[in-house]
Amino acid sequence: MAAPTAEAPTGASVARAFAAHFPDAAAPRLAFAPGRVNLIGDHVDYCGGTVLPMPIEQGTWVAAAANESGMLRAVSVDREPALAFPLDRPPRFPDGHWGRFLHGALAVLEADGAAPTGADVLVTGNIPCGGLSSSASLSVALLLALDGRGDAGLTGLPLARAAQRIEHEHVGVACGLMDQAAVVLGEAGAALEFHCADATASAVPIPEEEIAILVADSGVPRTLAGSAYNERRDALTRAAELAGIEFTRLATSLQPGTAFGDAELERLARHVTGEQARVEAACAAARAGDWPRFGRLLDASHASLRDDYAVSCPALDRLAEAFRRQPGCFGARLTGAGFGGAVVAAVRPDSVAACLAAVTAGLGADSRGAFRARSRGGARRGE
Ligand code: GLA
């Protein structure tokens, strides 16, 4: 992955790279899909909660040209080796391999009657670190660039759901819809209040003159498929059964403090009901411009993810604490699934430089640094 300071690819540079790799191919279709930073609301999307992710300006670019060869040839500027396989006999890629996303995107499009019979594909990106949903970004960009219906193809929620199917059916992560929704539906200058139970969304402005969103990489790698992610989800499925609530409505329907006769289940459930209340309060605080309150909710979310949901780690705890020690920091928390990855902080705009300098000085050698995250909108074709 590229360092946060690396020059961003552009449509023109991606098209040039494509032509250099595939000199005989037709002009490619280009697509861009951002990464996302989740401001608050983690581990509630798969059980019907509300989340507040924000797309970031960094993301994934895909250039793809369809052909009749029956072969898929793909290069990733950031990964080795290049791939080539017959579309009717895809290899079984190992866990976490980017070939799984490629094959998954083609299979999902195929089921929709919109897959090419052959294609040349180039992928590049500049998402700086883990925890920023490079998976959803890659999935959405692949679907947009490979969709045989072009501009008439997948958009909006159906596109987000198609990207989620890639994860469920081909990558092996039973994720919620938060990341794909943020990547597809996110707007410039705003975060997305997304109600997962009924897939409704509204924008929550993040005015750059009032509030800066900073992200720092813990340097601890995380893999979702191999992690406790699916285990946490399974445990909550049990809680929903015991409480007699539909799993996809658990976060909004479970009574806080419900007894399960199982201390671990009660801790997990406490995170879910508490996080749902915090997200609702954070959306209200953001709309009222009450950033100190917004920040306190971020801090409380981190504590709950650490103590009740048990998805933090010492590096994430230290990093969140390092942000909180800085004057001008309203609050900080781990963002995304946890188990490593990144921390997000809300700080006063006039404290950005000092905050970044102080936090960066304490980062370990494996960290890819810290940066200010900005929303420039969701995924688009032809960029
Ligand atoms: C990952 C998943 C999301 C969500 C978060 C945790 O990013 O892809 O669906 O569950 O973890 O909030």
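**Entry 1: the two domains.** I started with the spacing in this predicted model: the centres of domain 1 and domain 2, taken over C-alpha atoms, are 28 Å apart. Domain 1 is assigned in two pieces, 11-36 and 56-186, while domain 2 covers 205-373. I then asked how many residues each domain brings to the contact. Domain 1 supplies 15 residues and domain 2 supplies 16.

**Entry 2: what the domains share.** An interface's size is often given as the accessible area lost when the parts come together, and I looked that value up next. About 1100 Å² is buried between domain 1 and domain 2, with carbon and sulfur atoms giving 62% of that area. For polar links, I found 4 residue pairs in polar contact between the domains, both residues at pLDDT 80 or more. My search for salt bridges between domain 1 and domain 2 returned 0.

Which element gives the most to the side of domain 1 that touches domain 2? I noted strand S2 (residues 50-66), with 3 residues. Sorting that side of domain 1 by class gave me 8 nonpolar, 5 polar and 2 charged residues.

**Entry 3: aromatic rings.** I listed 5 aromatic pairs in the structure. One that I followed up is Phe32 with Trp61, whose ring centres are 4.5 Å apart. Why is this pair called tilted? The planes meet at 50 degrees, so the pair is neither stacked (under 30) nor edge-to-face (over 60). I also traced where the two residues sit: Phe32 belongs to strand S1 (residues 29-40) and Trp61 to strand S2.

Entry 4: Most residues other than glycine have a negative phi, and most peptide bonds are trans. I went looking for exceptions.

- The peptide bond from Glu80 to Pro81 is cis, and I read its omega as near -15 degrees. Pro81 is part of strand S4 (residues 79-86).
- Ser133 has a positive phi, near 65 degrees. I placed Ser133 in the loop that runs between strand S5 (119-125) and helix H3 (134-146).

Conventions:
Residues numbered from 1 in each chain as written. Predicted model: local features only at pLDDT ≥ 70, side-chain atom pairs only at ≥ 80, totals over all residues. Heavy atoms only, no water. Domains from an automatic or database assignment. Contact = heavy atoms within 4.5 Å. Buried area = accessible area lost by both parts, 1.4 Å probe. Salt bridge = Lys/Arg side-chain N within 4 Å of Asp/Glu carboxyl O. Polar contact = N/O pair within 3.5 Å; in protein donor to acceptor, adjacent residues only side chain to side chain. Helix = DSSP H or I, 4+ residues; strand = E, 2+ residues; numbered from the N terminus. Nonpolar A, V, L, I, M, F, W, Y, C, P; charged D, E, K, R; others polar. Phe/Tyr/Trp six-rings, centres within 6.5 Å; stacked < 30°, edge-to-face > 60°.
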